Amino acid sequence: MVSKVPTRGKLLYGGDYNPEQWLDRPDILAEDIRLMKEAHVNVVSMGIFSWASLEPSDGNYDFSWLKERIDSLYENGIYTILATPTGSRPAWLAKRYPEVLRVNDMGQKLLFGDRHNHCMTSPAYRKKTYEIDRRLSEAFGKHPGVIAWHINNEMGGECYCPLCREAFRNWLKDRYGCISNLNRAWNAAFWSHTFTSFEEIDPPMQIGETQLHGLKLDWKRFITERHKDFTEAEIRAVRDGGSDLPITMNLMYDYKGLDYQDFTDICDFMSWDNYPVWGKHGAEGNYDIAIDTAFDHDRVRSLQRKPYLMMESCPSATNWQSVSKLKEPGLLMAQELQAIAHGADGGLYFQMRQSRGASEKFHGALIDHYGKDDTRVFREAAETGRALECLSPVIGSEVKSRAAVIYDMQNRWAMEDAQGPRNAGLYYREACRKSYRAFREFGLNADLIDETQSLDGYRIVAAPMVYMFREGFADKLQAFVEKGGCLILTYWSGIVDDTDLCFLDGTPHDLVDVCGFRSTEIDGLYDEEWNEAVLRRPDLPECGELKEKTYRSRNLCEILELHGAEALLTYKKYFYRDTPAVTRNFYGKGRVYGIATDFDYDFYRDFYRGILKDLGKEPILKEIPSGLEVTEREGDDGRVYIFLISWKPEKVEVQLPEGAKVVYQNERVDVRKPDHSDKAGSSGRAIFSDYGCLVISL
């Protein structure tokens, strides 16, 4: 799929720029451009928090300072991604139009302040938003220096005002048609919560209903709909202003407030803001954090299955985290190249110049309060800019995956609100990340997709904790296996439908024959408890990596009744000892593995490696040392770019494949030509120090 990230022939590099904070210092604005050019910056995102400067009072617009900045940047080879300024509105707007302020779930109208304190249903707010967005589009939508639109900023939050409550009732009417359908879908007869009209329904609030799971699930869907509808209104304003430039919105890490998949049909490309807690567990722990970060890179890429943009990251310390940890030397470049490896066509920072005051005055920036080019951070950022220029050949290539992990936000909403089998941690994201990490450590690219997306093109799919089977999902899994796919289905799957009603007649719903087992019960373990499982079939090829080990599990243990499947591992403890903990079943041309318990990661690493080898999969490199991340991008011409990044403090060494050519290496990698100790067909060896980055092509 062709990228819609507007690269203009270069990987995008730059960041969030707020010149309105420096309009009284033309000397600083001039120096900004000089320093940006020195750091190889080619794009800024601008106007994100500028509403008060663009419209100082109601109907009084002043775009002159913005035009001067866009012109000056463009004259110096720096493009602009122009934002709509609606993520943070001026004080005068809240004072003149009080309906724009949100109401919280205690029924209290909030005062002006912070960000996103606006009602997305408010006609007044939508009218003011339309006016400024359209005017910006008319003024800059065809400017040669503007290359894309950035809609709003890190959207999120909820409003419980009368306008939103009425909109919710209308949304429910459209969804269910009549009140009897809604009562049935929510099982409202429980606790005598049956409704006789839609007008009786309020959102789930602290001062009202908190236990009707169907209501709470639909409210979350409605909140996504409100944000999407508001975004579509902003896009209409931009288009009405005459601009046809590509449009994006920036997403957040592990944000559970919105279902991001719903926005993919209105954005030309996706973006996200990446702020890992590097160093939280020491240098040794940065590999785990890198895997967690890669998970979200691939999640955002998988939303549209095409290149995306890392809209924000931090070049130094992130001030709003619990500890403002500095990035070690080399980490800044590794972080940026990781984004490119996973399919980004650029990596930007927040922020270009450090603010003098207010909330993020100590947030890292390319240009700090000192304001010179001889800081450690600036030098590393400039070197990273040079590296991205060397990597311009990867533009137009994509991350192509034969493996996928089902990661579905609506499933997560339902499961984490279900009240059982554990209310103090189901660890859904962690379960998905274990399967993802096992694929990645074998060298496989992996997509993270939800239940609505196609399974075509995948050879192996992991479906962890798919508690809620959305309409048609069971049929999709069955067809995937029938055609020859390999499915890995875990505990607590196929339990409820998409309104959170429990399935009858056995689970996993409609897949008992496909999986070869029925789930009969599930045991929640206390935090201090664990179970163990041992291998029963060491003769099978896929079990070859398990090596007769005992594998520990925690949190949840499902009890299975076999209906054609065979047990590969069995439990060692509790009254269900000797019952299946891992199963295998053949169905159609494919196979299904069932994982009945929350194993520690070492099981996933060993078991998935055995499955992949049995399926005939070969890793990108013959051996991938621990701590080395390996990712592929492939061009339409068949050229493959392999990114290797070392996240461990100790040195690691790897043999390179035959025919490999170095596209880029930083000073932390030593590439050596083949000698007598190298295997036949090798292009030599690469020795990595911490945060070593190497890109080769085949």
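These legends describe close-up views of a predicted model.

**View 1**
A disulfide is a covalent bond between the sulfur atoms of two cysteines. In this model the count of disulfides comes to zero. Cys164 is in no disulfide. Its nearest cysteine sulfur belongs to Cys119, 3.5 Å away. Cys164 is buried, with a relative accessible area of 4%. Cys693 is buried too, with a relative accessible area of 0%. The closest cysteine sulfur to that of Cys693 is in Cys390, 13 Å away, which is too far for a bond.

Arg591 sits in strand β19, which covers residues 590-595. Is this arginine buried or exposed? Arg591 is buried, with a relative accessible area of 14%. The side chains of Arg591 and Asp614 are joined by a polar contact of 2.7 Å. Asp614 is also listed among the residues that Arg591 touches, leaving aside those up to four places away in sequence. Other residues on that list include Val481, Gly485, Cys486, Leu487 and Glu542. Asn585, Phe586 and Leu615 are on the list as well.

**View 1. Aromatic pairs.**
How many aromatic pairs does the whole structure hold? A search finds 34. One of them joins Trp186 and Phe195, and the pair is edge-to-face. Their ring centres are 6.2 Å apart, with 80 degrees between the planes. Trp186 is buried at a relative accessible area of 4%. Phe195 is buried at 14%. Tyr593 and Phe607 give another example: their planes stand at 90 degrees, so this pair is edge-to-face. The centres of these two rings are 5.5 Å apart. This pair links distant parts of the chain, 14 residues apart. Tyr593 lies in strand β19, while Phe607 lies in helix α16, residues 601-614. Both Tyr593 and Phe607 are buried. They belong to a cluster linked by ring pairs. The cluster also includes Phe439, Tyr551, Phe599, Phe603, Tyr604 and Tyr608.

**View 2. Charges over rings.**
Which residue lies over the face of Tyr370? Lys372 does, at 5.3 Å from the ring centre. Tyr601 has Arg437 over its face, at 4.6 Å from the ring centre.

Helix α11 has 15 residues, 376-390. At 1.5 Å a residue, the helix should span 21 Å. The end C-alpha atoms of α11 are 21 Å apart, which agrees. An α-helix has 3.6 residues a turn, so residues three or four places apart point the same way. Which residues of α11 are buried? Val377, Phe378, Glu380, Ala381 and Ala382 are among them. Thr384, Gly385, Ala387 and Leu388 are buried as well. What do the buried residues of α11 pack against? Their partners include two strands, β1 (12-17) and β9 (344-349). They also pack against α1 (26-38), α10 (331-341) and β24 (661-665).

Most residues other than glycine have a negative phi, and most peptide bonds are trans. The bond joining Gly420 and Pro421 is cis, with omega about 0 degrees. Pro421 lies in the loop between α12 (409-416) and α13 (428-441). A cis peptide bond also runs from Thr507 to Pro508, with omega near 5 degrees. Pro508 is in the loop between β13 (486-490) and α15 (512-515). His40 is not a glycine, yet its phi is positive, about 65 degrees. The loop between α1 and β2 (43-46) holds His40. Asp254 has a positive phi too, near 45 degrees. Asp254 is in the loop between β6 (250-252) and β7 (271-273). Its relative accessible area is 22%, so Asp254 is partly exposed.

**View 3. Arg518 and His563.**
Arg518 is part of strand β14, residues 517-524. At 28% relative accessibility, Arg518 counts as partly exposed. How many residues separate Arg518 and His563 in sequence? They are 45 residues apart, but their C-alpha atoms are 6.9 Å apart in space. Arg518 touches His563, along with Ile559, Leu560 and Glu561. Gly506, Thr507 and Val512 also touch Arg518.

Notes. Residues numbered from 1 in each chain as written. Predicted model: local features only at pLDDT ≥ 70, side-chain atom pairs only at ≥ 80, totals over all residues. Heavy atoms only, no water. Disulfide = S-S within 2.5 Å. Buried < 20%, exposed > 50% of the residue type's maximum accessible area, 1.4 Å probe, protein only. Helix = DSSP H or I, 4+ residues; strand = E, 2+ residues; numbered from the N terminus. Polar contact = N/O pair within 3.5 Å; in protein donor to acceptor, adjacent residues only side chain to side chain. Contact = heavy atoms within 4.5 Å. Phe/Tyr/Trp six-rings, centres within 6.5 Å; stacked < 30°, edge-to-face > 60°. Lys NZ or Arg CZ within 6 Å of the ring centre and 35° of its normal. Expected span 1.5 Å × (residues − 1).
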